[in-house]
Amino acid sequence: MVERGDAAPLLRWAEGPAVSPPRAPVPQAGGRGWGGGGGGWAAAEPPRRREPEELRQPGRLELGDVEEDQVVAVFVVTFDPRSGNMVEWCLPQDIDLEGVEFKSMASGSHKIQSDFIYFRKGPFFGLACFANMPVESELERGARMKSVGILSPSYTLLYRHMHFLENQVRHQLETPGHYSHLAAFYEDKKGVLHAGPGRGGSLPPVYWLPSIHRYMYPEMKITHPAGCMSQFIKFFGEQILILWKFALLRKRILIFSPPPVGVVCYRVYCCCCLANVSLPGIGGTVPESKPFFYVNVADIETLEVEVSYVACTTEKIFEEKRELYDVYVDNQNVKTHHDHLQPLLKINSADREKYRRLNEQRQMLLYSQEVEEDYNPCEEDLFVLFFLEQNNRIFQTLLEVSASQDKTLTAEHARGMGLDPQGDRSFLMDLLEAYGIDVMLVIDNPCCP
């Protein structure tokens, strides 16, 4: 089980002025993360170099636009022994919070003392902190459980409010019904959602992780906790290459885990990061990557119409609803019920080589950090750039072959892309179809098993 720590800082990618190709992201310190023992997220020392404080919305803002740290709602959810989960207080009072009482208090939370949850609610992203306190009350059945959360147009700055929300949920447990601090916080942070030119009164755009078919601008900055990607890869081991292929193919990926769910929300984020591509014009035919973070049975209708997403849940019943997902991840077990995707579950020689190189680069990085006094990139830089460069190499080769006269993709091309000509044949065929790349695959199946 991942235990909570007290002072592990969050990091966010911070990249410099626009250049081509993109240079390595620079991490920054700020906010609050999860550290301590038991396999939790490791704390990281603040880097020596700091970038400007403004953040960009990933994927959709124009160059020069600055992301505003705005909160569109703040709320308190409580568990009532007679009525179940319910919103006990919120600002503004007229905002639609239907279902947020289940999103901000994950199923099974009564078994743990505290947690945090990222989720999506309509056009907004939410962060809620949950706590469970024993009380000597028969009416409350010996336990008082609450969550305090916020909604924002983007999740990239939600981490800034983690510490405040943790304090406030404790405050709500110890002195229920006192909302003055939350009201003051909302007045200070509330955002005015401007309609914008040509948008009329429509809902604001939803800001996702960088889409695979959008150019990933070098100045884009992404928030994530320290140690997020490295812990993710250590947890899955070689199976990270299986998740990488499914993420690149834009499959519907559902991750199951019992509470606490906060660490699993980070796995959703990391899984989306595996599919980053910075080549312009790639993927006009593939759907956007949509991190849904935590979902429950109330989200079933929403998921039914999604063609691509990554989400996590604590509800085991989802495993039976195969029409909702393509890939089901139960702890470290990655599986799919689609016959044509079964070959992608096998680790091949090229996958093992990639994983070996990844670990080798990590060891070199750790060594350089010990001997060099100047600023060095952290592990998160290495992991994100490793997959970014791998993806760029694949699509650069595919684009070059599609622009050639004979449009023939050979085994030599596959090896040049870091793929196994035989083991990755099914993956390559799915990739060509998903991205609408016009090449002819001449890699034959082996004549015998």
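**View 1. Polar contact between the side chain of S147 and the backbone of S104.** In this predicted model, a polar atom of the S147 side chain lies 2.6 Å from the backbone oxygen of S104. S147 belongs to strand β7, which covers residues 143–152. Its relative accessibility is 0%, so S147 counts as buried, the cut-off being under 20%. Leaving aside residues up to four places away in sequence, S147 touches F75, V76, V77, S104, M105, A128, C129, F130 and V169.

**View 2. Strand β5 and its two covered faces.** Strand β5 spans residues 114–121, and eight of its eight residues are buried; the strand is therefore largely enclosed by the rest of the structure. On one side lie S114, F116, Y118 and R120, and on the other D115, I117, F119 and K121, all of them buried.

**View 3. The β5–β6 hairpin.** Strands β5 and β6 (residues 124–134) run antiparallel and are joined by eight bridges. Within this pairing, R120 has F125 of β6 as its bridge partner. Two residues separate the strands of the hairpin, and G122 in the turn has a positive phi of about 60°.

**View 4. Helix α2, its span and its buried residues.** Helix α2 comprises the 13 residues 162–174; at 1.5 Å a residue it should span 18 Å, and because its end C-alpha atoms are 19 Å apart, the two values agree. Buried residues of α2 include M162, L165, E166, Q168, V169, Q172 and L173. Of these, V169 is also among the residues that S147 touches.

Key: Residues numbered from 1 in each chain as written. Predicted model: local features only at pLDDT ≥ 70, side-chain atom pairs only at ≥ 80, totals over all residues. Heavy atoms only, no water. Helix = DSSP H or I, 4+ residues; strand = E, 2+ residues; numbered from the N terminus. Buried < 20%, exposed > 50% of the residue type's maximum accessible area, 1.4 Å probe, protein only. Polar contact = N/O pair within 3.5 Å; in protein donor to acceptor, adjacent residues only side chain to side chain. Contact = heavy atoms within 4.5 Å. Pairing = 2+ DSSP bridges. Expected span 1.5 Å × (residues − 1).
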